[in-house]
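This report describes one protein model, beginning with a few individual residues and ending with the ligand and its surroundings. Please keep the sequence and the structure in view while reading.

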Amino acid sequence: MSRLILDSSNPVAPGQVIWRSPSNIALVKYWGKHGIQLPRNPSLSLTLAASFTDTLLEYAPRETPDDGQVELDFFFHEQENEAFRTKILEFLNSLAPTMPFLKQLKFTIRTGNSFPHSAGIASSASAMSALALCLCSLEDRLFGTLRDADAFDQKASVLARLGSGSACRSIFPHAAVWGATQFVPGSSDDFAVPVGDLINPVFKDFHDDILIVSREEKSVSSRAGHALMDGNPYAEPRYAQARARMGALLEAMKSGDLATFGKIVEDEALTLHALMMCSNPSYTLMRPDSLAIIEKVRQYRADTGNPVYFTLDAGPNVHLIYPGDIITDVRKFIDDHLLEHCEDNYVQQDWVGEGPEEK
Ligand code: PMV
């Protein structure tokens, strides 16, 4: 195995790599972790398309002596951003023991999102997956170690996971599973695997309209939320439930059984928030408008029979997911009845996508 150390007598020519990587929405939720970003239960997500991060990684031989830190300049939407730089630097430093070339180069990262930063849409999945992909392209360019496409994706998924757990699922088109499960051959706690080929094509034409109930920063971070699972009395039954739901959801997704799919997806969303409510200390991230939307979605479904379902991330915003053939009806329902619950009437329209792209 290559040691990934550059030959200092032969300096690298300066260069750059660029990746665009999307966000994802979990249907079976990852909530609770151990060790180095390892999940307590398997999770499954749809890969999105319109919510993405573009990351440009410039590299050149390092000019300053090795002080134990990666040398990094960082720009977010063209502005220096010290908070983000610190986070990324910590991540790169943590990778340096296994990727020593990171300390032999000087990096400039220029990154930005397709969605407004303050929209209350989590950007860690798209940001960390984009950066992980840039690092893998760079490794391959310098050492030729990731020529095999599957090996490339797998390493990108591992690195993304180390940056932000859920980011490891963004590497793949359509849908991905992270966490070892008997229902997906080759699945692992270390990286996600694509499951697009296991599911009915109807899900590749799914939409996710993200109803922005609040743009405010979350009162309890995901990191703190995961940690609170350790003392949660429902943790073990929850992990067992997630494992079982993975099997049932995959079954429904294989056969295209939308009603069973929707029931599991909504149960998962409410379970995630129920776990927050019975953590110690307890907390709530849903807002009154989140609940109002959920009630209206249930009523709309009862009235029309349209297969529209809700899911939630660790925040107050509601994701409406539905197949593309009913988009006109659903968008009218959103405009007429749900926009009033959204901050500044803002909805981020998204859909299932083809995964990351190198630019
Ligand atoms: O990847 P993290 O550590 O930000 O955790 C994300 C957890 C959820 O978004 C709530 C669920 C998930 O599986 O994406």
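A314 is found in the loop that runs between β11 (309–312) and β12 (318–323). The model is a predicted one, and in it A314 has a relative accessibility of 12%. Residues under 20% count as buried, so A314 is placed in that class. Along the chain A314 and K218 are 96 residues apart, yet their C-alpha atoms are separated by 8.2 Å.

**Positions in sequence and in space**

S23 has its place in strand β1, which covers residues 15–28. With a relative accessible area of 6%, S23 is buried.

E251 belongs to helix α5, made up of residues 235–255. The relative accessible area of E251 is 52%, and residues over 50% count as exposed, so E251 is exposed. From the C-alpha atom of E251 to that of A83 the separation is 43 Å, and the two residues are 168 positions apart along the chain.

The table places these pairs side by side.

| Pair | Separation along the chain | C-alpha separation |
|---|---|---|
| A314 and K218 | 96 residues | 8.2 Å |
| P281 and G231 | 50 residues | 9.9 Å |
| E251 and A83 | 168 residues | 43 Å |

**Backbone geometry**

P281, listed in the table, lies in the loop between α6 (258–277) and α7 (288–304). Its relative accessible area of 55% makes P281 exposed. Which form does the peptide bond from N280 to P281 take, cis or trans? This bond is cis, and its omega is near 5 degrees. As a general rule, most peptide bonds are trans, and most residues other than glycine have a negative phi.

E78 is not a glycine, but it has a positive phi of about 70 degrees. The loop between β5 (71–76) and β6 (79–80) contains E78, and E78 is exposed, with a relative accessible area of 75%. N345 also is not a glycine, and its phi is positive at about 55 degrees. N345 lies in the loop between α8 (327–338) and β13 (347–351). At 49% relative accessibility, N345 counts as partly exposed.

**Aromatic pairs**

How many aromatic pairs does the count come to? The count comes to 10 aromatic pairs. In the pair of F101 and F143, the ring centres are 5.4 Å apart and the planes stand at 55 degrees, so this pair is tilted. F101 lies in the loop between α1 (82–95) and β7 (105–113), while F143 lies in helix α2 (residues 124–143); the pair therefore ties together parts that are 42 residues apart in sequence. F101 counts as buried at 0% relative accessibility, whereas F143, at 21%, counts as partly exposed. Elsewhere, ring pairs link F203, F206, F261 and Y309 into a cluster.

**The ligand and its surroundings**

The last topic is the ligand. There are 13 residues around the ligand, of which Y30, S166, R169, H226 and D313 come nearest.

Which residue has a polar side-chain atom 2.9 Å from an oxygen atom of the ligand? That residue is D313. For Y30, a polar backbone atom is 3.0 Å from an oxygen atom of the ligand. In the case of S164, an N or O atom of the side chain is 3.3 Å from a ligand oxygen atom. On its own the ligand has 380 Å² of accessible area, and the protein covers 90% of it.

How values were computed. Residues numbered from 1 in each chain as written. Predicted model: local features only at pLDDT ≥ 70, side-chain atom pairs only at ≥ 80, totals over all residues. Heavy atoms only, no water. Near = heavy atom within 4 Å. Polar contact = N/O pair within 3.5 Å; in protein donor to acceptor, adjacent residues only side chain to side chain. Areas by Shrake-Rupley, 256 points an atom, 1.4 Å probe, with all protein chains shown as cover. Phe/Tyr/Trp six-rings, centres within 6.5 Å; stacked < 30°, edge-to-face > 60°. Helix = DSSP H or I, 4+ residues; strand = E, 2+ residues; numbered from the N terminus. Buried < 20%, exposed > 50% of the residue type's maximum accessible area, 1.4 Å probe, protein only.
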